[in-house]
Amino acid sequence: MAMATTASTASHTSVASVTLEVADPEAAHRFYTAFGVDTHIRLRASEPHSAGFRGFTLALTVSRPATVDGFLGAAVDAGATVLKPAARSLWGYGGVVQAPDGTIWKVATSAKKDTGPATREIDEIVLLLGVEDVKASRQFYVGRGLTVARSFGGKYAEFASDESSPVKLALYKRSGLAKDLGVPADGAGSHRIVLGSTAGPFTDPDGFAWEAAASLTPAPSTASTASALS
């Protein structure tokens, strides 16, 4: 599959915030602080119905296998469930865990050998949305002002981000994403994630909700109704 790239000078939109809807924000705050991603996400108290695969994952890219093991170990120690143990593959080394609130996290590196000790540094965080039609969803987001950085036909699309964005947004075929994570693709109800940007509010073709970034006002991390961790 040929890769297409787009370098646009049009108005640029990217993800300004990522909010996870959780039943217990204080417990989730403790978990994400221990995991090491507390500065990259927000939490909101909410208990919408959700069953099975929620249709997305947050993926950490790090420098070496020892760092992958460090993040995954910290997550498990804090209460996460292992979905796919860390292992080497053709593309590198990585594993998948599910947080106590149900969010699935992947930690990976393209390196197959350690060239130094483990660190707690994250090179990049990517929010992968599992969608039914990658081409249609890609076009929808282009219409909302996002710029395509890389595209692999109907299988994958990645959007450009800037330094102010906590994560990079990408689209993946839902069935393929579920297989990669080691979970069944079936799911129903809320995705339990809300994205903020200057392009919001809107809902995409697969039901992922976006809000205007200005409406996502941070609250103290000790608040019972929400924890804004960025």
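## A walk through rings and pockets

Start by selecting Phe-31, Tyr-32, Phe-35, Phe-71 and Trp-105: together they make up one aromatic cluster. Keep in mind that you're looking at a predicted model.

Now for the rest of the rings. Searching the whole structure turns up 13 aromatic pairs. Pick out Tyr-141 and Phe-202: their ring centres are 6.2 Å apart and the planes sit at 65 degrees, over the 60 needed, so this pair counts as edge-to-face. Colour by secondary structure and you'll see that the two come from distant parts of the chain, with Tyr-141 in helix H3 (residues 134-143) and Phe-202 in strand S14 (residues 202-203), 61 residues apart. Both Tyr-141 and Phe-202 are buried.

The largest pocket has a volume of about 500 Å³. To centre your view on it, select Ala-59, Thr-61, Lys-106, Leu-128 and Tyr-156, the closest to its centre of the 17 lining residues. Then show strands S4, S7, S8, S10 and S11, each of which supplies at least two residues of this lining. Colour the lining by class and you get eight nonpolar, three polar and six charged residues.

Last stop: the second largest pocket, with about 150 Å³ of space. Its lining includes Lys-84, Arg-88, Trp-91, Lys-106 and Asp-180. Strand S5 (81-88) gives the most to this lining, with four residues, and strand S6 (93-98) supplies at least two. By class, the lining of the second largest pocket splits into four nonpolar, three polar and four charged residues.

Notes. Residues numbered from 1 in each chain as written. Predicted model: local features only at pLDDT ≥ 70, side-chain atom pairs only at ≥ 80, totals over all residues. Heavy atoms only, no water. Phe/Tyr/Trp six-rings, centres within 6.5 Å; stacked < 30°, edge-to-face > 60°. Buried < 20%, exposed > 50% of the residue type's maximum accessible area, 1.4 Å probe, protein only. 1 Å grid on protein atoms, 1.4 Å probe; cavity = no way out; pocket = protein on both sides within 12 Å on 5 of 7 lines; lining within 4 Å. Points joined across faces, edges and corners; volume = space filled by probe spheres on them. Nonpolar A, V, L, I, M, F, W, Y, C, P; charged D, E, K, R; others polar.
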